[in-house]
Amino acid sequence: MKGIIFTYLEEFVIKNAGIEAWDTLLETTHLKTEDGVFVSPGNYPDEDLFALVAAGSKNLNLPMNDVIYAFGEFVASKYHQDYTDFFKPGMSAKTLLNSVDKIIHVEVKKLYPDVHLPQFQYEDPAPDKLVMKYFSTRKLCVLAKGLINGVGNLYNEKIEISEPLCMHNGADHCRLELTFVKK
Ligand code: HEM
């Protein structure tokens, strides 16, 4: 996983639990990356990210999925700050999400050629609906749902998400069915 995701995790932990919590997390988690020093363009083992999230949720006594989901929401707000070009004027949550696979992640791949991105396939059954079929060996549909909800927050839209198919239940992808409700 790219270093930028780790630097967002660091910011997320410091914002919610303080700098000491981040230091303790680094000291008490067995990481492959020496000293837990992550830089944005670097590539680091996924295991390190999962180990930090697992240790953090244990410390906070929160289910790991709740932490990953909240992190996804936080990352959406960071993308909005750091990658302003992808958020074009006049976009809605739906048009932004519809552009992730064919525009945003394509540009991300140009920025970071060694990145390992998920794939999305889309269905557009109605003006207030979008289906995102999520494919990734990382099976991070919870992160995807947090990101989607975070995008909704950016556009002041509520997005209801149902997941009738999930890789964690043996499907070959996660089917995320979204309904957009103006707040
Ligand atoms: C400006 C917007 C976005 C940028 C710059 C961006 C960039 C990235 C980057 C750098 C990674 C890390 C991949 C790696 O380190 O190997 C990533 C992963 C990911 N992105 Fe995006 N992304 C954006 C929007 C979104 C949105 C809106 C979604 C909504 C579903 C999304 C879904 C994901 C997921 C689920 C992953 C985790 C990796 C995986 O599942 O394999 N991204 N993205």
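## Cavities and the ligand site

By class, the lining of the second largest cavity holds ten nonpolar, no polar and no charged residues. Here Ala, Val, Leu, Ile, Met, Phe, Trp, Tyr, Cys and Pro count as nonpolar, Asp, Glu, Lys and Arg as charged, and the others, Gly among them, as polar. The model is predicted: local features need pLDDT of at least 70, side-chain atom pairs count only at pLDDT 80 or more, and totals for chains, interfaces and linings use all residues. Residues are numbered from 1 along each chain as its sequence is written, and side-chain values use heavy atoms, with hydrogens and water left out.

A cavity is a set of points, on a 1 Å grid over the protein atoms alone, where a 1.4 Å probe fits but cannot get out; lining residues have an atom within 4 Å of a point. Two cavities of 30 Å³ or more are found in the whole structure. A volume is the space filled by probe spheres set on the points, which are joined across faces, edges and corners.

| Cavity | Volume | Element giving the most lining residues |
|---|---|---|
| Largest | about 680 Å³ | H7, five residues |

Helices (H or I, at least four residues) and strands (E, at least two) are DSSP runs, numbered from the N terminus. The lining of the second largest cavity includes Met-1, Phe-50 and Leu-143. The largest cavity is lined by 32 residues, and among these Tyr-79, His-105, Leu-117, Pro-118 and Leu-147 lie nearest its centre. This lining divides into 27 nonpolar, three polar and two charged residues.

The space of the largest cavity is taken by the ligand; a molecule sits in a cavity if more than half of its atoms lie within 2 Å of its grid points. There are 25 residues around the ligand, where a residue is near a molecule if one of its heavy atoms lies within 4 Å of it. Helix H7 (141-154) and helix H6 (100-111) each supply at least two residues of this shell, and H7 gives the most, with five.

His-105, placed in helix H6, is the only protein donor of the ligand's iron atom, through NE2 at 2.1 Å. Donors are N, O and S atoms within 2.8 Å of the metal (3.2 Å for Na, K and Ca); water is not among the atoms, so sites may look incomplete.

Key
1 Å grid on protein atoms, 1.4 Å probe; cavity = no way out; pocket = protein on both sides within 12 Å on 5 of 7 lines; lining within 4 Å.
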